[in-house]
Amino acid sequence: MMAPDNVCILVPTLDEAETIGDVVADFRDEGYENVLVIDGGSTDDTREVAREAGARVVEQSGSGKGQAVREAVERHIDAAYVLMLDGDGTYRAADADAMLEPLRSGEAEHVIGNRFADMRSGAMTALNRIGNRLINGAFGHIHGKSFGDILSGYRAFTRESFDRMHLTADGFGIETEMAVECAKRGIQTTVVPITYLPRPAGSNTNLHPIRDGGIIILELYRRAKTNNPLFYFGSIGAVSTVSGGVIAAYVGVEWVTRQVSHEVLAVVAAFAILVGVQLLMFGVLADLILSLHRERIRDGDGR
């Protein structure tokens with residue numbers, strides 16, 4: 001077991017008065033005295049309940065989970081290891097040792113708790129399950145890594161590895177961004193099976209599946225620009241080329257069958273095809289440059 005003094009339990013919260021007391025108490029019962037609750041301006045008694053349970057409580061200067069995590073680690077945490085989780089009572093303190101063990105042994109610098117390993121009935125809606133599977137599949141395809149459950153809020157990481165990440169997301173996209181940074185920067189990452197519980201009665205989720213799912217997908221796609229430029233530019237180029245081809249086919253059919261010329265559409269089709277092909281070529285070149293850059297870095301590390 002890792003010495004609890006070296007670990008900070010980080011819990012970002014927003015209106016979690018119904019659950020935060022039990023969450024803090026459970027970790028303190030496991031021997032973790034350093035529990036930091038960073039609150040995003042709750043309108044209920046979240047901060048008071050957390051303090052009474054024994055947590056150190058700070059109120060974040062901005063808004064959003066991502067901003068809270070960055071601020072907490074950069075300004076309020078001195079411990080070498082951080083165990084991060086949501087304050088909604090869906091994660092167990094009993095899984096803390098398993099999450100931290102890969103850090104202690106040097107096997108990993110970043111640990112993701114896989115909720116799908118033991119997901120209890122009612123813990124996740126069918127829509128959220130589908131969305132999670134699609135996002136995890138897209139992540140694996142774009143970034144060439146499979147982390148099992150990149151949206152999991154149960155994370156353990158070294159302070160040093162966090163400092164190497166370039167994180168900008170303010171909201172729920174923080175988990176996706178952390179996974180992308182792990183893949184991009186070669187941060188040793190492992191996945192640990194955990195138990196995922198349904199939210200206790202009386203607590204409400206701050207997650208909006210459609211809105212936040214869209215934000216996460218856009219963040220995943222945006223991050224592909226520097227980690228998989230062939231996919232990023234190639235997908236745009238393919239859409240542009242296909243669209244131009246469809247318009248060109250329509251113009252051609254109209255000319256052959258009805259002797260009607262669509263000069264403007266013809267120009268649009270040519271432009272779309274030209275731009276699409278150029279983007280595809282740019283994606284190939286960018287991917288080649290990135291591959292050469294990574295090889296140089298590996299060769300430099302091997303010396």
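Surface patches are taken here as groups of residues with over 30% relative accessible area and no salt bridge, in which like charges are joined within 9 Å. In the predicted model, Asp22, Asp26, Asp29, Glu30 and Asp97 form a negative patch of this kind. The main contributor to the negative patch is helix H1, which spans residues 20-29 and supplies 3 residues. Asp26 is located in helix H1. With a relative accessibility of 39%, Asp26 is classed as partly exposed, because this class covers values between the limits of 20% for buried and 50% for exposed residues.

The cysteines were examined for disulfides, and the structure holds 0 of them. A disulfide requires a pair of cysteine sulfur atoms within 2.5 Å. For Cys8, the closest cysteine sulfur belongs to Cys182 and lies 18 Å away, so the separation is too far for a bond. Seen from Cys182, the closest cysteine sulfur is that of Cys8, likewise at 18 Å and too far for a bond. Cys8 is buried, at 0% relative accessibility. Cys182 is also buried, and its relative accessible area is 2%.

A further position considered was Gly140, which is placed in helix H5, a helix made up of residues 126-143. The relative accessible area of Gly140 is 24%, and the residue therefore counts as partly exposed. Between Gly140 and Ile150 the separation in sequence is 10 residues, while their C-alpha atoms are 9.8 Å apart in space.

Definitions and conventions. Residues numbered from 1 in each chain as written. Predicted model: local features only at pLDDT ≥ 70, side-chain atom pairs only at ≥ 80, totals over all residues. Heavy atoms only, no water. Buried < 20%, exposed > 50% of the residue type's maximum accessible area, 1.4 Å probe, protein only. Patch = residues over 30% accessible without salt bridge, like charges linked within 9 Å, V, L, I, M, F, W, Y side chains within 5 Å. Areas by Shrake-Rupley, 256 points an atom, 1.4 Å probe, with all protein chains shown as cover. Salt bridge = Lys/Arg side-chain N within 4 Å of Asp/Glu carboxyl O. Lys, Arg positive; Asp, Glu negative; His and termini not counted. Charge placed at Lys NZ, Arg CZ, Asp CG, Glu CD. Helix = DSSP H or I, 4+ residues; strand = E, 2+ residues; numbered from the N terminus.
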